[in-house]
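Try each task before reading its solution.

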Amino acid sequence: MALDTGTEALARLAEEPVDHRFKGLPPDADGLTVAELAGQRRNLFTGGFTTPVLALSAERLEHNLALMETYAARHGLAFAPHGKTSMAPQLFHRQIERGAWGITLAVPHQVRVARAFGVRRIFLANELLDAAALRRLAAELDADPDFRFVCYVDSVRGVALMDAALTEAGAGRPVDVVVELAAGEGARTGVRTEAECAAVADAVAGTRTLRLAGVAGYEGEVPDADPEKVRAWLRRLVALTVEFDGAGRFAGLDEIVLSAGGSAWFDAVADVFAEVPDLSLPVLKLLRSGAYVSHDDGHYREVTPFNRVPAEGALEPAFRLWTQVVSRPSAEQAFANAGKRDAAYDLDLPFPQAVRPADGGPERPATGITVTGLSDQHAWLRTAPEAELEVGDWVGLGLSHPCTSFDKWQLIPVAEADGTVVDYIRTFF
């Protein structure tokens, strides 16, 4: 599937009708296409949008895309940002335009979405054992010589299951796999010891349908992670790559894939991957961080590596969820009309940041306002004496955890600093 097909698919998104499926959009926009609504450049605050409504900052989104492009290039890293964060093909293409090698994904449905929009290179940071998904993958690889796909393997049995499904499907091209090294005992998936890694690699070599392309893992699962422990594990990953290369396990390849990198330790990945010695083939040092695209106002603001390397720049939180105060039962309490169906809450509760008065007055900081809990459709607000808040006011909330912010919204306005909505991002969860 070529990228021009992806361009056509993106164009069809712009022709999708605006209707009841999409939260927060102006009711009088029903019947317009997304492109027509975007062309009207309505204001988020005065253009008929209803609360709750999630918006992405146009300027901050562009800043984050540019920053990680520069970071990866500066450190000699290929970049395959994790698409599970946004599941937004428009953003996938913007990331690829910004130099990304491809897109990382986690499950077969996500691969189907990316392929439907023309993504040519996919790194599946997970094991793939589903026979139906493997049949589809085999057909796509055979039909499209430009399609590059890589996925994890972490067991001899998993290799056997993949081989059986691909053999039954009559696969012509072998599927590239990387042995996943676990981040430690008690971590998530992955092979626990180097000896077991060798056994899995031997199993791959014994098939016709699979090809060993490299090694990979996820340093975010290192138990009790700190810089020393994360770097120690990453050096194990590099040493395993060197060992496999020395044993001739990568013969016949054009390059060796070495991949790691979530959103909390990519500075450690850059440092350790810079230590990779010369091997028999070029090494594709593939970073997979995904949360950067929107960043956040909570967890990732605290753990981003840019806090440790401020000279490299800083990501900016791009999400703001606008909700309206619908009840003010006491001087200490208020309720707004956004809840668990609208806001991420798995890592932190939302953070009140701004208030826009119902009378149209100027936006002001959300001083003295705290979210203490979320119901399905309400935010519980505690208000200190200094809080200025009335029924009808809009409250702008910062969010924590991009992955569980995107997934609650199918069509997200992209707004400039003055509130002008210039685009809409479609998600597929």
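A residue counts as buried when its relative accessible area is under 20%, and as exposed when that value is over 50%. Keep in mind that this is a predicted model.

**Exercise 1.** Find Arg426 and work out whether this residue is buried or exposed, then list what Arg426 touches.

*Solution.* 
- Step 1: Start with the location; Arg426 belongs to strand 18, which covers residues 421-426.
- Step 2: Apply the cut-off. The relative accessibility of Arg426 is 8%, so Arg426 is buried.
- Step 3: Look at the surroundings. Setting aside residues up to four places away in sequence, Arg426 has contacts that include Leu13, Glu16, Arg21, Phe22, Met87 and Leu411. Gln410 is also one of the residues touched.
- Step 4: Check the side chains of Arg426 and Gln410, and you will find a polar contact of 3.4 Å between them.

**Exercise 2.** Describe strand 15: which residues lie on its covered face, and which strands pair with strand 15?

*Solution.* 
- Step 1: Sort the residues by face. In a regular strand, side chains alternate between the two faces of the sheet. In strand 15 (residues 379-383), Ala379, Leu381 and Thr383 make up the covered face, while Trp380 and Arg382 are on the uncovered one.
- Step 2: Take strand 11 (residues 333-336), which pairs with strand 15 in the antiparallel sense over four bridges. Here Gln333 is opposite Arg382.
- Step 3: Turn to strand 14 (residues 369-374), antiparallel to strand 15 over five bridges. Thr370 has Arg382 as its bridge partner.

Technical notes. Residues numbered from 1 in each chain as written. Predicted model: local features only at pLDDT ≥ 70, side-chain atom pairs only at ≥ 80, totals over all residues. Heavy atoms only, no water. Buried < 20%, exposed > 50% of the residue type's maximum accessible area, 1.4 Å probe, protein only. Helix = DSSP H or I, 4+ residues; strand = E, 2+ residues; numbered from the N terminus. Pairing = 2+ DSSP bridges. Polar contact = N/O pair within 3.5 Å; in protein donor to acceptor, adjacent residues only side chain to side chain. Contact = heavy atoms within 4.5 Å.
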